[in-house]
Amino acid sequence: MSFLIRTLTIAATTAIAQFSGVAAAQPAPESYFDYALSSFENGQTTEALNALKTGCIQGTESGYQLMCDAVLDYYENGTTGFRVEPDSAAHDGEPEAFRRHATDICQSGYSNACSRLARAAPGSATNMTTAADAYYTACENGDADACALNGYNWMDGSYGAVNLQRARQAFVMGCDLVDALSCRQLADLMITNRGGSVNPEIAMLANDLSCPEDLGSADATYCLDAAGFAATHGAGDVQSVRTIMRYLSNACDLRSAEGCLQFSRVAEAYVADNLPAGSDLARDMLELAAVSRRLACSYGNGQACK
C-alpha cells in the first residue's frame, strides 16, 4: 500500500476518533498498545479499541499486527483475547462492524485483514464482490496465499461465475510473488487458450518457478508436476532432460519416493543416451541414480526395492 493511501487512512481514522469525543484534546500516546491495555484495565473498552485500531492503521509501532488482529478478533469473535479485557466487553461478534473495521484495516495495507474480510463474505452477489475485492487487495499487498485463493475462486466459479481471465490475472500476481501454487496453475492456463492466448514461453517460466531451488519454498508434488509438464511441453532436447532431472531431484530431496525413483530412471536413461560409456561423469551419474533408488525404497516405494 502506498504511503499516500496509508497517510490518508490514518488521517481519516484520527478524525473519526476526534469526532466521537475520544481523547479529542489529548496528545497521541507514546504507545497505542500500552494505552489500549491501560484503557481495558480501567473498563474503557471503546477507548481501548480506538487506540488499537489507530495503532494498527498507523503501522509504525512494533507489533502493530497484534493490534490489527485484536481489533479484528473483537468484532468477529467477540473478544480481543487480552487478559486485561473486562468481562463486560465480551460479546458474540458483530458481523457488520467486523466488515467495516476489516475494510478500513485492509485498505491501510494489512493483508491479513483483507483475507479475513474475504473469508467472512460468503453468500450474496454483493458479498462475493466484497470477497473478490478483498482477496485482490490482500494479494496486491503481498499475500501470496490470497492470490492463489482468488485465482481458484474465479476458476471454479466460487464467486458465482467462472472467469478464467481473472483467474489468470490472480495467478500472475501470485507467481510474481514466487508462490509455487500460483505458478503451477498459471503454467497450466498459459499452455492453453483458457482465459487468454497461448503463451508457451511464459508457461514454461511459470512451470520452472513452481519448483524453486530453495527447498524451503518448494513442494514435492508441484516439483513432480513440473517434471511431467516439462516432459510433455518441453523441447525434448538434452537441456530439457536436465531440467526434468532438477525437478525430480528437488522432489527427492523433499523425501518424495516417487521423485527419487523417477530421478533414478531419468538419470539412467540420460547416461545411456548422452554420456560416453565408462566415463567419470557417467559413473557419477549412475551412482547418484543408485542412491536415489535406495532412497525411494527407504521412503516406501516397493518398486524401487526390487
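This is a friendly conversation about how terms are applied to the structure above.

Colleague: What kind of model is this, and how are residues numbered?

Modeller: This is a predicted model, in which local features need pLDDT of at least 70 and side-chain atom pairs count only at pLDDT 80 or more, while totals for chains, interfaces and linings use all residues. Residues are numbered from 1 along each chain as its sequence is written, and side-chain values use heavy atoms, with hydrogens and water left out.

Colleague: What does Thr45 touch, leaving out residues up to four places away in sequence?

Modeller: Contact means heavy atoms within 4.5 Å. On that basis Thr45 touches Phe40, Tyr74, Pro86 and Ala89.

Colleague: How exposed are Arg116 and Glu76?

Modeller: Arg116 counts as buried because its relative accessibility is 9%. Glu76, at 31%, counts as partly exposed.

Colleague: How many salt bridges does the structure hold, and which one lies in helix α5?

Modeller: There are ten salt bridges in the structure. Glu96 and Arg99 form one of them, with their closest N and O atoms 2.4 Å apart. Both residues lie in helix α5 (residues 95-107), three residues apart, about one turn of the helix. An α-helix has 3.6 residues a turn, so residues three or four places apart point the same way. Glu96 counts as exposed because its relative accessibility is 54%, and Arg99 counts as partly exposed at 22%.

Colleague: What makes a nonpolar core, and which residues can belong to one?

Modeller: A nonpolar core is a set of buried Ala, Val, Leu, Ile, Met, Phe, Trp, Tyr and Cys residues joined through side-chain atoms within 4.5 Å. The largest has 52 residues, of which Leu52, Leu72, Tyr75 and Ile105 touch the most other members. Helix α4 (residues 64-77) gives the most to this core, with seven residues. Apart from it lies another core, of 20 residues, including Cys223 and Met285.

Colleague: How do you know that the length of helix α8 agrees with its residue count?

Modeller: The expected span of a helix is 1.5 Å times one less than its number of residues. Helix α8 (residues 144-156) has 13 residues, so it should span 18 Å, and its end C-alpha atoms are 19 Å apart, which agrees. Among the buried residues of α8 are Cys147, Asn150 and Trp154. Just after α8, Gly157 takes a positive phi of about 85 degrees.

Methods:
Helix = DSSP H or I, 4+ residues; strand = E, 2+ residues; numbered from the N terminus. Buried < 20%, exposed > 50% of the residue type's maximum accessible area, 1.4 Å probe, protein only. Salt bridge = Lys/Arg side-chain N within 4 Å of Asp/Glu carboxyl O.
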